[in-house]
Amino acid sequence: MTEFEAIPFAFQVKGIVWLVVAYGAALLSLIATIHCALQKPEGFSVVGTLSKGTWLGILVGSFVLSLLFGGWGGLGLFGLIALVAALVYLLDVRAGLKDVGGAY
């Protein structure tokens, strides 16, 4: 009997789903970080949000947190914080940058 036969199938599926979600959050943080790095610094002041350097720090931190703590059986608190930071950037700041013409 292998170790996977002893674990019920539902727990195996749950583990795989959480792993996909955790690494999806890391990928989302990476995409947000790359997008932020490619923007002009002036666009952030026009939108009325944090500076480019501050957003880069937050997003790099969220990427690192999601990689470090994301794969351990789900997102956890740090993974959720990282996911929220990336989503706020992508849904709010990126949209504002696109409206003012600062997005590539």
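Which residues make up the largest nonpolar core? Select A32, C36, F44, W55, L59, A86, Y89, L90, V93 and L97: those 10 residues are the core. A nonpolar core here is a set of buried Ala, Val, Leu, Ile, Met, Phe, Trp, Tyr and Cys residues joined through side-chain atoms within 4.5 Å. Buried means under 20% relative accessible area, exposed over 50%, and partly exposed in between, using a 1.4 Å probe and protein chains only.

Before moving on, a word on what you are looking at. This is a predicted model, in which local features need pLDDT of at least 70 and side-chain atom pairs count only at pLDDT 80 or more, while totals for chains, interfaces and linings use all residues. Residues are numbered from 1 along each chain as its sequence is written, and side-chain values use heavy atoms, with hydrogens and water left out.

**Zoom out: the whole chain**

Switch to cartoon view. You'll find five helices and zero strands, so-called DSSP runs numbered from the N terminus (helices are H or I with at least four residues, strands are E with at least two). Of the chain's 104 residues, 29% count as buried. Among the contacts with a separation of 6 or more, 70% are between residues 24 or more positions apart.

Colour α2 (9-37) and α5 (76-100), which along with α4 each give two or more residues to the core you selected. The largest share of that core, five residues, comes from α5. Now look at how α2 and α5 meet: their axes come within 9 Å and cross at roughly 40°. Axes are lines fitted to C-alpha atoms, for helices over the stretch in contact, and angles run from 0 to 180 degrees between N-to-C directions. That angle makes α2 oblique to α5; under 35 degrees would count as roughly parallel, over 145 as roughly antiparallel, 65 to 115 as roughly perpendicular, and the rest is oblique. On the α2 side, pick out A25, L28, S29, A32, H35 and C36, which make the contact with A82, L83, A86, L87, Y89, L90 and R94 of α5.

**Stop two: H35**

Stay on α2 and click H35. Is H35 buried or exposed? H35 counts as buried, at 14% relative accessibility. Its side chain makes a polar contact of 2.9 Å with the side chain of Y89. A polar contact is a pair of N or O atoms within 3.5 Å; within protein, one must be able to donate a hydrogen and the other to accept it, and residues adjacent in sequence count only if both atoms are side-chain atoms.

**Stop three: along α4**

Next, go to S62 in helix α4 (residues 52-70). S62 counts as buried because its relative accessibility is 3%. Its side chain is joined to that of S29 by a polar contact of 3.4 Å. Setting aside neighbours within four places in sequence, S62 touches S29, A82 and A85.

One step on is F63, also in α4. F63 is partly exposed, at 23% relative accessible area. Beyond its neighbours within four places in sequence, F63 contacts A26, S29 and L30.

Leaving out neighbours within four places, L59 is in contact with S29, A32, T33, C36, A85, A86 and Y89.

Conventions
Contact means heavy atoms within 4.5 Å.
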